[in-house]
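Biologist: Could you walk me through this model while we both have it on screen? I'd like to begin with the rings.

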Amino acid sequence: MNSTVVLQRDGEIALLLIDNPPVNALSRQVREQLLECLHQALGDKTVTALVIASEGNTFVAGADIKEFDLPLQAPHLPDLLAMIENATKPVIAALHGSVFGGGLELALACHYRLAEGNARFALPEVSLGLIPGAGGTQRLPRLCGALAALEMVVGGERIDTARALQIGLIDKVVATELRSSAISWAYEVAQRPPRRVREQPIPAYDAAVFNERAAQLLSKLSGQEAPPLALEALQQASRLPFEAGMAHEREIFIARRQSPQAHALRHVFFAERELAARVRAHARSAPTRSIETVAVIGAGLMGSGIALCLANTGIPTLLVDTQEQALERGRLVVERYYQGSLEKGKLNADEASRRTSLIRYATTLSSVADADLIIEAVFEDLAIKQEVFRQLDQFAKPGAILATNTSYLDVTAIASATSRPGDVIGMHFFSPAQVMRLLEVVRTPQVLPEVLASVLQLGARLGKTAIAVGNCYGFAGNRLLAVREREAGFLLEEGASPQDVDRVIRGFGFPMGPFELRDLSGVDIAWRNRQGRAGHLSEAERRCDLIEQLHAAGRLGQKSGAGYYRYEQGQRRGVADEFVSQMLVEHRRRRGITPRPIGDDEILARCLFVMINEAAHLLEQGIVDSVNDIDLVWLHGYGFPRYKGGLLYYADQVGLATVATALSNWARAFAERGIEVSGMLQRMAEEGRSFTHG
Ligand code: T1G
């Protein structure tokens, strides 16, 4: 068995080096070998102090997540940490990189903690549906106080060495020479008695402040089961003796490991890394073009957001708008954004100024001549975009990549307006572009492999979840959004209210329901989409003309103070409006539909199962390469609740047989509405297969 923990000596100091790439996860082998080395070092009379450090670019980043689906295996981490803490010789933790989860708990069990400047500290267990399971909820409040512990244990806060020093999590920071500094320090403390965190009382704190902050945190994490349980374990630390607190924490942790939410969150964790590995491989599959300067065409909400995204990555960007006022508005958005980052302490003055100056402005398309990549973000109209691309084709240098930020339109049709369709690609950012992680990279049949590889690589550089998708109406994300909104409209025709549908979808875990979302993004956007696709709508879709009725009444959503809901002055949350109720009554009467009460289960099934069906079509048609793509598109672009694992992960939890049966029960209505049930989905159901396990 290869060594994942080695014991070295520096005179009377024992150095225990953990070497388990890539992140020094505390696998069973690491725990076994760490135990062995601890016995050896603690039992050796010539050893007066110990240092625990890690090879590679990070200290232990946590327990081994890959083991969580296995039964618990000795040696158990809490026991190992108790052995360290109870040692009669001082143990120093030498910390660098991502000191997360079990790695931080290991550091807390040591008697002294020394960190390199770049180290970061977190207890991300709640983001995996767990709670810390090796003393994090019991030792952290003792060492750093209940309030600091609350932010990390329940809020999942990630802190740097400055903050770690401030709250007493670490004792010292060194710029370099971490290991030799730790060894020198070990000589100094060798004769001192060990400082055991467990023996420290929790410093007094204001319970009212604690409880108020805890409530705030939990309100932002609604639907997740782990945060309240992590809070409970943390609160017990103040009420129970240490050992009892540890036992309570361990009991909760063990129960959480096999919870459906923990399974779902583990699935997402690995799905994100599978996608990242696939994108890296894809980006390596072709020679990439260097993208050092970018021009963005259109200084509206999306254009300025994309420019911010690029500047935040350090890429010089030219923001172009032929309308001087629009350009000025874009400039203001940029300046206000960085002023805000400065005021919130997210950036220091130099960095805010540096990034602001990375963005330059111009009013002529000819100014894009030097750009390696040009991203068009003008009005969502095909003819307008084609005209912009005709001009870009004149001004862009040979080899420049021309990208459109369209969210629905045919990228091939846009590319056909140029003499270089191989250089044209879709880069569908999500608003706000500087925040949302998803980037759909839309490939056309003509796009050159190196153009696709270059843009995927840029996506990763921007910190985006960049997903290659095929060119179709709505690509992947918006195509699923469109079928959900269409089905929601049919539900209104049949008797549901907008508030019923939105309540059910929000209750599932989405940030908002389809009608709240439509009011936010604009009834006029939907109206224009329906106008543009009139020839593609089925008769039933065409007759379900609620959008046209709202549009005709000037109800464009939040922007006009009313849409499906009415918005009081300054209110973002709408209220039910008699106009809409009346509109639906008359619409149903005109359509000869007798309204019926529609239960929550049917609302949820209808909205989600049509999406699952459409996702199966996306896979069948090769619009996406993988099940993970579908799940991550909706997790990172549309707020699918992460603790439900993703749309197709959820489909597997429901059971494809259940989904297929429901879809076949709706087949008649589907036929009238032009909705085709996926043959692949039906076959998978018959064969007892699943999306996530094949
Ligand atoms: N266990 C197993 N594998 C892990 C892992 C872990 N904890 N963390 C990362 N990996 C794998 C990952 O799957 C990928 O594998 C490779 O390492 C590189 O990861 C007891 C119970 C540390 C910030 O939640 O946040 O401790 O794809 O691409 O971008 O109370 O990894 O190459 O095959 O993310 O440089 C708590 C999770 C666990 C940390 C590095 N710890 N990891 O980011 O690399 S629960 C975490 C991260 C726990 C205790 C509880 C990041 C990173 P592959 P990567 P990166």
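Biologist: How many aromatic pairs does the count come to?

Modeller: Keeping in mind that this is a predicted model, the count comes to 15 aromatic pairs.

Biologist: Where in the chain do F508 and Y650 sit?

Modeller: F508 is in helix 19 (residues 498-508) and Y650 is in helix 27 (residues 647-654), so this pair links distant parts of the chain, 142 residues apart.

Biologist: Are they buried or exposed?

Modeller: Both F508 and Y650 are buried, and they also belong to a cluster that ring pairs build from F430, F508, F510, W634, Y638, F640 and Y650.

Biologist: Changing topic, which residues are closest to the ligand?

Modeller: The ligand is surrounded by 25 residues, and the closest are A63, E105, E125, G133 and R273. By type, the shell around the ligand divides into 15 nonpolar, five polar and five charged residues.

Biologist: Which helix gives the largest share of that shell?

Modeller: That is helix 11, with three residues.

Biologist: And what lies 2.9 Å from an oxygen atom of the ligand?

Modeller: A polar backbone atom of G102 does, while a nitrogen atom of the ligand has a polar side-chain atom of K66 at 3.2 Å. Overall, the protein covers 74% of the 1000 Å² of accessible area that the ligand has on its own.

Biologist: Back to rings, what lies over the face of Y473?

Modeller: R533 does, at 3.7 Å from the ring centre.

Conventions. Residues numbered from 1 in each chain as written. Predicted model: local features only at pLDDT ≥ 70, side-chain atom pairs only at ≥ 80, totals over all residues. Heavy atoms only, no water. Near = heavy atom within 4 Å. Polar contact = N/O pair within 3.5 Å; in protein donor to acceptor, adjacent residues only side chain to side chain. Areas by Shrake-Rupley, 256 points an atom, 1.4 Å probe, with all protein chains shown as cover. Helix = DSSP H or I, 4+ residues; strand = E, 2+ residues; numbered from the N terminus. Nonpolar A, V, L, I, M, F, W, Y, C, P; charged D, E, K, R; others polar. Phe/Tyr/Trp six-rings, centres within 6.5 Å; stacked < 30°, edge-to-face > 60°. Buried < 20%, exposed > 50% of the residue type's maximum accessible area, 1.4 Å probe, protein only. Lys NZ or Arg CZ within 6 Å of the ring centre and 35° of its normal.
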